[in-house]
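Let's walk through this model together, one neighbourhood at a time. Keep the viewer open as you read.

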Amino acid sequence: MLFLTKDDMIQTFSMKEALEADKEALMIFSKGETNAPLRTNVDIREENGVSSYMPAYIGGDKPSLGVKIVSTYLHNIERGLPSVTGTMIVLDPKSGIVTALLDGTYLTQLRTGAVQGVATELLARKDAKIGALIGTGGQAEKQLEAMLTARPLTEVRIFDISQKRAECFVEDMQGKFEARLIPTKTSRECVEGADIITSATPSNEPTFESDWVKDGAHINGIGSFTPSMFEIPKELIKRADRVIFDTTEGVLNAAGDFITPLKEEYIPKNKYSGELGQILLGEVQGRTSDKEITIFKSVGTAVLDLVVASQIVQKAREKGLGTEIPD
């Protein structure tokens, strides 16, 4: 069994490679070639935590099997720990034997950043120059990297409910990217005039207002994954020209900010345009003009984890990276 740490994975797989792997996973999912039950969430109320279990199987010429265990503990930030942690288990689909263990925390950051990068690549204006990132938790670095991989932004504004965290994040990231990074004091300052807006928080209320978003902007909703979580304002969903999901079933079973407007009959169900994989397959239209507002919402699917993890394991073995644990 191969064990891969975060450092092993960084040496093995780039963000560009992760974008391509996510594209493959999204198309496989939208073609219905997977068996990927919705995640099972176990609430740990005493700790304000959620432990989630995400299995998936992919058949065909390259069968693969795996499960990711991921925990979201919001109080971990105060403890100096990541708010999202996880482990990815890869199994031999023929025997069911575990063949690899991967750092699921980094895998989640990588594939989630990459899926946002795919959405940004497909839906944002080609001439986008200004980005906005809301939230500086464990997802933030890869969300920033993915935005900058998809578009050569000159400026990215950063907002967090803790001004100190926003400033520290910018200080840590500034030397890693060419774009100018600017910590902002308010969400409005972060969002107004931005071409690409990415919100990656566990918020229970919208992290910005629709009126602050300019025509032609692209918005990525990355954080909410339970019916009680809200990041994207319903007024913006109603205003948007195109609303795309990673998986329709997943979003409409998990993301409160997209479930509630339907339940309230604030918007019709046909407001939701389809899946990112369907755009890649040519089945659904993406952006059609520079004036359109586009929204992408992701809650994640184990298919993304499985495809990315399988490719990482293969490349790591080719490079001789990782630690083999004897049976």
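This is a predicted model: local features need pLDDT of at least 70, side-chain atom pairs count only at pLDDT 80 or more; totals for chains, interfaces and linings use all residues.

Start with the side chain of Thr12: one of its polar atoms lies 2.6 Å from the backbone oxygen of Asp8. Residues are numbered from 1 along each chain as its sequence is written, and side-chain values use heavy atoms, with hydrogens and water left out.

Thr12 belongs to helix α1, residues 6-12. Helices (H or I, at least four residues) and strands (E, at least two) are DSSP runs here, numbered from the N terminus. Is Thr12 buried or exposed? Thr12 is buried, with a relative accessible area of 2%; buried means under 20%, exposed over 50%, and partly exposed in between, using a 1.4 Å probe and protein chains only. Setting aside neighbours within four places in sequence, Thr12 is in contact with Glu17, Ile312, Lys315, Ala316, Lys319 and Leu321, contact being heavy atoms within 4.5 Å.

Now for strand β4, residues 49-58. Seven of its ten residues are buried, so β4 is largely enclosed by the rest of the structure. Strands pair if DSSP finds at least two bridges between them, and β4 has several partners to look at. Strand β2 (residues 34-35) pairs with β4 in the antiparallel sense over two bridges, with Asn35 having Tyr57 as its bridge partner. Strand β3 is also antiparallel to β4, joined by five bridges, and there Asn41 stands opposite Ser52. These two strands make a hairpin with four residues between them, and Asn48 in the turn has a positive phi of about 55°. On to strand β5 (residues 64-73): ten bridges join it to β4, again antiparallel, and Ser51 faces Ser71. The hairpin of β4 and β5 has five residues between the strands, with Gly60 at a positive phi near 90°.

While you're here, find Val42 in strand β3, residues 40-44. At 36% relative accessibility, Val42 counts as partly exposed. Together with Tyr53 and Ile69, Val42 makes a nonpolar surface patch of about 210 Å².

Next comes the open sheet: eight strands in the order β10-β9-β8-β11-β12-β15-β13-β14, with parallel pairing. Where are its edges? They are β10 (180-183) and β14 (274-275), each with a single partner strand, so one side of each is left without a neighbour in the sheet. Strand β9 (residues 155-159) is joined to β10 by four bridges, and Val156 stands opposite Leu181.

Further along the sheet, look at β15, residues 294-297. Strand β12 (residues 218-221) runs parallel to β15 over four bridges, and Gly221 has Lys297 as its bridge partner. Strand β13 (residues 242-245) also pairs with β15 in parallel over four bridges, with Arg242 opposite Thr294. Both faces of β15 are covered too: Thr294 and Phe296 on one side, and Ile295 and Lys297 on the other, are all buried.

Terms used
A polar contact is a pair of N or O atoms within 3.5 Å; within protein, one must be able to donate a hydrogen and the other to accept it, and residues adjacent in sequence count only if both atoms are side-chain atoms. Patches are made of residues with over 30% relative accessible area and no salt bridge: like charges are joined within 9 Å, nonpolar side chains (Val, Leu, Ile, Met, Phe, Trp, Tyr) within 5 Å. Accessible areas come from the Shrake-Rupley method with a 1.4 Å probe; for residues, only the protein chains shown count as cover. A salt bridge is a side-chain nitrogen of Lys or Arg within 4 Å of a carboxyl oxygen of Asp or Glu.
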